[in-house]
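Open the model in your viewer and keep the selection tool ready. This tour goes stop by stop: what to pick, then what is there.

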Amino acid sequence: MAIVERVIDGSPEQVFKILADGWTYSDWVVGTAHVRDVDDDWPRVGSQLHHRAGPWPFSLQDASTVLLSDAPHRLVLRAGLWPAGEAIVSFALEPVGPGATRVRLGEDFAAGPLRWIRNKLNDLVLHHRNKETLNRLADIVTRQKSDE
């Protein structure tokens, strides 16, 4: 499993607030081109976020499903990208001081061709992608804090 982490200037509640807003995922999840729909009860277990990922005209439409939701500590998703496969994505939030949160993002291919072609190059690309994802998440948390 590829794991990256970053300390974000915001409380776990402030960070989880962004995770709980499915409509923002295309703003901070690298590779998500468009959010098409979000179930009303997102991020409740079993709820889905319907997205399009990848560059046009090769983008794939699928959905991510919540497997575990423990606000403001953890969120685990099964991210679909069929026919390429699916991944299990885990966010763990831990307070590390007043107003700061360590976010650990783990991702592992769970099914389909992506799982079969796993190698060090793919792990490196996934690491950099998820590092940028956390950078974007941090930017949104900072912006939301300044708007409050």
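Start with Arg-102 and Glu-94. Their side chains meet in a salt bridge, 3.6 Å from N to O. A salt bridge here is a side-chain nitrogen of Lys or Arg within 4 Å of a carboxyl oxygen of Asp or Glu.

Before moving on, a word on the model. It is predicted, so local features need pLDDT of at least 70, side-chain atom pairs count only at pLDDT 80 or more, and totals for chains, interfaces and linings use all residues. Residues are numbered from 1 along each chain as its sequence is written, and side-chain values use heavy atoms, with hydrogens and water left out.

**Stop 1: the charged network**

Keep Glu-94 selected. Glu-94 is partly exposed, with a relative accessible area of 32%. (Buried means under 20% relative accessible area, exposed over 50%, partly exposed in between, with a 1.4 Å probe and protein chains only.)

Arg-104 forms a salt bridge with Glu-94, and the closest N and O atoms are 3.1 Å apart. Arg-104 lies in strand E7 and Glu-94 in strand E6, so this pair ties together parts 10 residues apart in sequence. Helices (H or I, at least four residues) and strands (E, at least two) are DSSP runs, numbered from the N terminus.

Arg-104 has another partner to pick: Glu-5. The closest N and O atoms of that salt bridge are 3.0 Å apart. Glu-5 sits in strand E1 and Arg-104 in strand E7, so the pair links distant parts of the chain, 99 residues apart. Both ends are partly exposed: Glu-5 has a relative accessible area of 45%, and Arg-104 has 32%.

Show the four residues together. Salt bridges with shared partners join Glu-5, Glu-94, Arg-102 and Arg-104 into one network. A search of the whole structure finds seven salt bridges.

**Stop 2: Leu-93**

Step back to Leu-93. Is Leu-93 buried or exposed? Leu-93 is buried, because its relative accessible area is 5%. Leu-93 lies in strand E6, residues 86-97.

Select what surrounds Leu-93. Leaving aside neighbours within four places in sequence, its contacts include Pro-12, Val-15, Phe-16, Leu-19, Arg-102 and Val-103. Contact means heavy atoms within 4.5 Å. Then pick the C-alpha atoms of Leu-93 and Leu-105: these are separated by 9.1 Å, and the residues are 12 apart along the chain.

**Stop 3: the nonpolar core**

In soluble globular proteins, nonpolar side chains tend to be buried together. A nonpolar core is a set of buried Ala, Val, Leu, Ile, Met, Phe, Trp, Tyr and Cys residues joined through side-chain atoms within 4.5 Å.

Which members of the largest core touch the most other members? Select Leu-19, Tyr-25, Trp-28, Leu-75, Phe-91 and Leu-137, out of 31 residues. The elements that each supply at least two residues include helix H1 (12-19), strand E5 (74-80) and helix H4 (120-147). H4 gives the most to this core, with six residues.

Zoom in on Leu-75. Beyond its neighbours within four places in sequence, Leu-75 is in contact with residues including Phe-16, Leu-19, Tyr-25, Val-89 and Phe-91.

**Stop 4: the rings**

How many aromatic pairs does a search of the whole structure find? It finds three. Rings of Phe, Tyr and Trp (its six-membered ring) pair if their centres lie within 6.5 Å; planes under 30 degrees apart count as stacked, over 60 as edge-to-face and the rest as tilted.

Select Tyr-25 and Trp-28. This pair is tilted: 4.7 Å centre to centre, 50° between the planes. Both residues lie in helix H2, three residues apart, about one turn of the helix.

Trp-28 and Phe-91 pair edge-to-face, 5.8 Å centre to centre, with 70° between the planes. Trp-28 lies in helix H2 and Phe-91 in strand E6, so the pair ties together parts 63 residues apart in sequence. Trp-28 is buried at 0% relative accessibility, and Phe-91 is buried at 3%.

**Stop 5: strands side by side**

Finish with E2 and strand E3 (residues 48-53). They pair in the antiparallel sense over five bridges. Two strands pair if DSSP finds at least two bridges between them. Select His-34: its bridge partner in E3 is Arg-52.

Then move to strand E4 (residues 60-70). Six bridges join E3 to E4, and the two run antiparallel. Pick Gln-48, which stands opposite Thr-65 in E4.
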